[in-house]
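Work through the exercises below with the model in view. Try each task before reading its solution.

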Amino acid sequence: MLERVDRMQLAVRDRARAAGTFARLLGAEVAREADSEVLNARRTILALGESELELCEPRGPGPAQEFIDRWGEGLLAAGFATSRLAELARHFDATGVGYARDGAQLCLPASSTAGMPMVISPLAARPRVGPVSFLYEATNALDRDWRQVAELYTRLFRLDPARFSPIGSERFGYEGTLLLFDPPARLDRIELGQTFADRPGAMRRFVERRGGDALYMCYLETHDFDGLKERLLDGGARVIPRGSNLAAERDGAWVHPKSLHGLLLGISRQSLGWLWSGRPELARALEAR
């Protein structure tokens, strides 16, 4: 039933300051303000390409404050969208899935998933804002077998396993699968990455710090990689290239969480994500400058 990766929720100490960071580095714009009763937080909601980013500043005790007290600022929940929200809620009710309503959104705690809090919103079309095209991936870093989690999410969201695509990385020491929602039309998916104690790396260290399965990072696509990279570097962000040379990099990169209020963000140029998503023929060649 999931159709889009349409937002991320971040726990931040000062949402105005965080909004300034995302405006400067990613071209995000303030769309609206809205409180969250579930999180007990004030939210500044940013337009980020066709997606949204919710900056959640605690207004008292609650999940947002608990996250900051334990982990500092960072990625609080992954957000998805569906045109069948009421049907999905009925499915959760019928199968005993724990969730809470927050206005028009459904909020799933980490205990209902593989350690990854989720917020599910009604599907909405939005104009594109800035150099970002859209968010397309949320990564669930795992200690448990990724196959068990794939089965869990298949049941939870009535996903189609025929659309999934295997993935693994020697560089980052994980293996798993991409739970694609609607290929080849779109890249949107949940990435499941199972880590291993004998394959040390950043993702494994994260899993060990968190004590098990958790929400790790997200990915976005940009229609102007060169311009966005320049914007990030001019803004003082720490950028890690996909290849070996940052100056020459024109395909993809990661932004260090210290630059984005605890958010580890992957960036890929237009269509590049298909190279590792089961349909490499859909990745268009890079145009010459």
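**Exercise 1.** Find which element gives the most to the lining of the largest pocket.

*Solution.* The model is predicted. Start with the top contributor: α5 supplies 6 residues of the lining of the largest pocket. Next, list the elements that each supply at least two: α2 (63-71), β5, β9 (132-142), β10 (165-169), α5 (202-210) and β13 (214-222). Then look to the centre. The lining has 34 residues, and Ala202, Met203, Tyr216, Met217 and Leu264 lie nearest the centre. Now sort by class: 18 are nonpolar, 6 polar and 10 charged. Last, the volume is about 1,000 Å³.

**Exercise 2.** Describe the lining of the second largest pocket by class and by element.

*Solution.* The second largest pocket has a volume of about 570 Å³. It is lined by 25 residues, and closest to its centre are Phe67, Leu76, Pro109, Ala110 and Pro117. Two or more residues each come from α2, β5, β7 (105-108), β8 and β13. The largest share, 5 residues, belongs to α2. By class, count 19 nonpolar, 2 polar and 4 charged.

**Exercise 3.** Trace the order of the strands in the open sheet of 8 strands, and say why one side of β2 and of β6 has no neighbour there.

*Solution.* Read across the sheet: β2-β3-β4-β1-β5-β8-β7-β6, with mixed pairing. β2 (29-36) and β6 (100-102) are at the edges and have a single partner strand each, so one side of each lacks a neighbour in the sheet. From one strand to the next, the twist averages 25 degrees. Now zoom in on one pair. β5 (residues 74-82) and β8 (residues 118-122) run parallel, joined by 5 bridges. Ala81, for example, has Ser121 in β8 as its bridge partner.

Methods:
Residues numbered from 1 in each chain as written. Predicted model: local features only at pLDDT ≥ 70, side-chain atom pairs only at ≥ 80, totals over all residues. Heavy atoms only, no water. Pairing = 2+ DSSP bridges. Helix = DSSP H or I, 4+ residues; strand = E, 2+ residues; numbered from the N terminus. Axes fitted to C-alpha atoms, helices over the stretch in contact; angles between N-to-C directions. 1 Å grid on protein atoms, 1.4 Å probe; cavity = no way out; pocket = protein on both sides within 12 Å on 5 of 7 lines; lining within 4 Å. Points joined across faces, edges and corners; volume = space filled by probe spheres on them. Nonpolar A, V, L, I, M, F, W, Y, C, P; charged D, E, K, R; others polar.
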